[in-house]
Amino acid sequence: MSELTLLLIRLAFLALLWFFVIAAVGVIRTDLFGPRTAPASARKPAKQAKPMAKPKQKKGEPRQLIVTGGPLQGTIINLTEMPITIGRANDATLVLSDDYASSRHARLFPQDGQWILEDLGSTNGTYLERSKVTRPTPVPLGVPIRIGKTVIELRK
Amino acid sequence: MSAAEAMPVPMTAKRRGAQLGMLAFAVLIVMGAYASVGLGINGEIPSGMLTYGLGLGGLMLAAYLVLARFAPWADPLLLPLVTLVNGLGLVMIYRIEQTGQDGANATNQLMWTALGVVMFAATVIVLKDHRILQRFTYTAGFAGLVLLVLPVLPLLGTEINGSRIWIHIGGFSIQPGEFAKLALVIFFAGYLVAKRDVLALAGRRLLFIDLPRARDLGPVLITWGVSIAVLVLEKDLGTSLLLFGAFIAMLYIATQRTSWVLIGILLFVGGAILAGQIFSHVQVRFNGWLNAESNDLYFDGVSYQLMEGLFAIGSGGILGTGLGEGHPRRIPFSFSDFIFSATGEELGLTGLMALLMIYALIVERGLRTALASRDPFSKLLAGGLSFILAWQVFIIVGGVTRLIPLTGLVTPFMSAGGSALLANWMLIALLVRMSDAARRPPPQAIQDEGLTQVMQR
């Protein structure tokens, strides 16, 4: 086996190793930007079309729910078509471990392109900005919702 | 399950295809490495390449099928990344075995890998919901302590290479400390979930840091005492550092208070200096680190291993000597503690960086799982497990590169050693289980407007 071949094998192996790392990072990318990046949708237009009647997300609509305060700070929930429940119950979408939260405290659900906040009869109340939520109220982008010690916001 | 599949959920995809692809890629790289070792040594592709490669591939395929069936939403990258590190470890041990160094045995390591994968699969299958572990908080703590203490007991424990961390059962020797760290992380997570409010909120503010109350220091002091005891009784600096670091990191994750970290570092440094003054073996280690280049220490054998490891990494340079063309036999125990140095010689800085990147990615996936989890126990457990993996890599890599004093820890998934491999595969199984729970889309309501939620268990 000549020196040159061995050198080439060595370089090829290192390149392969790094290619693996880069491929792994490529898989992670979808975590950060969602699976519907431009090349992905271009490649699989058929799959996109199949689940029809899925309303297209408009530009002004919120896509994420972010916890900005309290023990769960930093948690991000991507918004889908499904309602989100918040409370201490284990089956809530966002499980709070907060003495001031009720087990089923509040609910967020989409309606006509807006997200509506509804208090589910909680003991200590749900606040949208400063005002207490008494009936289902639309939530604008970036306005803090306060539940006990937890603050959440809708973001794009 | 089928309902969830039919629903277009933009947030997470299962990405099983990507997982399978990456897995195949990892196995392919490992087989390439085998071939490269053979070509480097004697210009022939080793006869064992297909056996080892297909063996590893078959194992991983089985693990993949278990994941697809029992944890379909699990993180797609954890398994392939671990496979590659484990496979590279196998190749390096095979390569060191070829030099005739005593103790290096690739077949043994492959068998332990198989057992590790079985443990991984068993954990994923048996543990349907990791939150059950929260109920066993104190049981886990007790089990962890017992496992730590076992090697000290007179009949069971044996002292090998100056550390009393092995026990003999039947014909096997096991390091119970490796499993103790898993049990203790579960204990820390459960304990801190219950106590974190009082730890985070009570206390007074002095200058710019929040000081905790004196009585809340109890658990920190106890953990500190245990890790110092490990250091003194078992002469195992690595496990001691690992445990205490993990506890402080989890305390920080739970309370977000810098004061705990400062207190922890001060306590440990104080304890270590004290132990260094009193106990000779700590002193010897420390001296061997600080004055490693001194001729006396080198020829006495105190810093011989460390310096040979550094020479190996140095002669590897940027691109390495190539697999099968280094001299790993010069480093004592190059197949266990010093496998990182041996790899550094043959793959060079480029290869080592790729290896560290892979470790970093595994940890990143773990921390990502912690972020995505929805309840505090899972957050702490995932954070703690990922941290302990990263911390372990730091301690051993820092040790062999002479950044910190050398401690005998295994390089996760690479070093020869059954207990560590089994324990780390179980750790990955826990992370996989948690990432499955975290990435699974939330249960969906049956009616459009209704308070009833579908429970998914």
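In what order do the five strands of the open sheet in chain A lie? The legends below refer to a predicted model.

**View 1. The open sheet of chain A.** The five strands follow the order 4-3-5-6-9, and their pairing is mixed. Strand 4 (94-95) and strand 9 (137-139) of chain A are the edge strands, each pairing on one side only.

**View 2. Strands 3 and 4 of chain A.** Strand 3 (residues 84-87) and strand 4 of chain A run parallel and are joined by two bridges. Opposite Gly87(A) stands Val95(A), which belongs to strand 4 of chain A.

**View 3. The annotated FHA segment.** An unreviewed UniProt entry lists residues 84-133 of chain A as "domain: FHA". Over these residues the chain is 44% strand and 0% helix.

**View 4. The interface of chain A with chain B.** Contacts involve 44 residues of chain A and 61 residues of chain B. The two chains bury about 4,700 Å² between them, with 70% of this area on carbon and sulfur atoms. On the chain A side, the residues that lose the most area to chain B are Phe13(A), Phe20(A) and Met82(A), which together account for 15% of what that side buries.

**View 5. Polar contacts and composition at the interface.** Between chain A and chain B there are six residue pairs in polar contact, counting pairs with both residues at pLDDT 80 or more, and zero salt bridges. Helix 1 (3-33) and strand 5 (106-111) of chain A are the elements that each give two or more residues to the side touching chain B. Helix 1 of chain A supplies the largest share, 19 residues. By class, this side of chain A has 26 nonpolar, ten polar and eight charged residues.

Methods: Residues numbered from 1 in each chain as written. Chains lettered and ligands numbered in written order. Predicted model: local features only at pLDDT ≥ 70, side-chain atom pairs only at ≥ 80, totals over all residues. Heavy atoms only, no water. Pairing = 2+ DSSP bridges. Helix = DSSP H or I, 4+ residues; strand = E, 2+ residues; numbered from the N terminus. UniProt positions renumbered as here; feature names shortened; annotations may be inferred. Contact = heavy atoms within 4.5 Å. Buried area = accessible area lost by both parts, 1.4 Å probe. Salt bridge = Lys/Arg side-chain N within 4 Å of Asp/Glu carboxyl O. Polar contact = N/O pair within 3.5 Å; in protein donor to acceptor, adjacent residues only side chain to side chain. Nonpolar A, V, L, I, M, F, W, Y, C, P; charged D, E, K, R; others polar.
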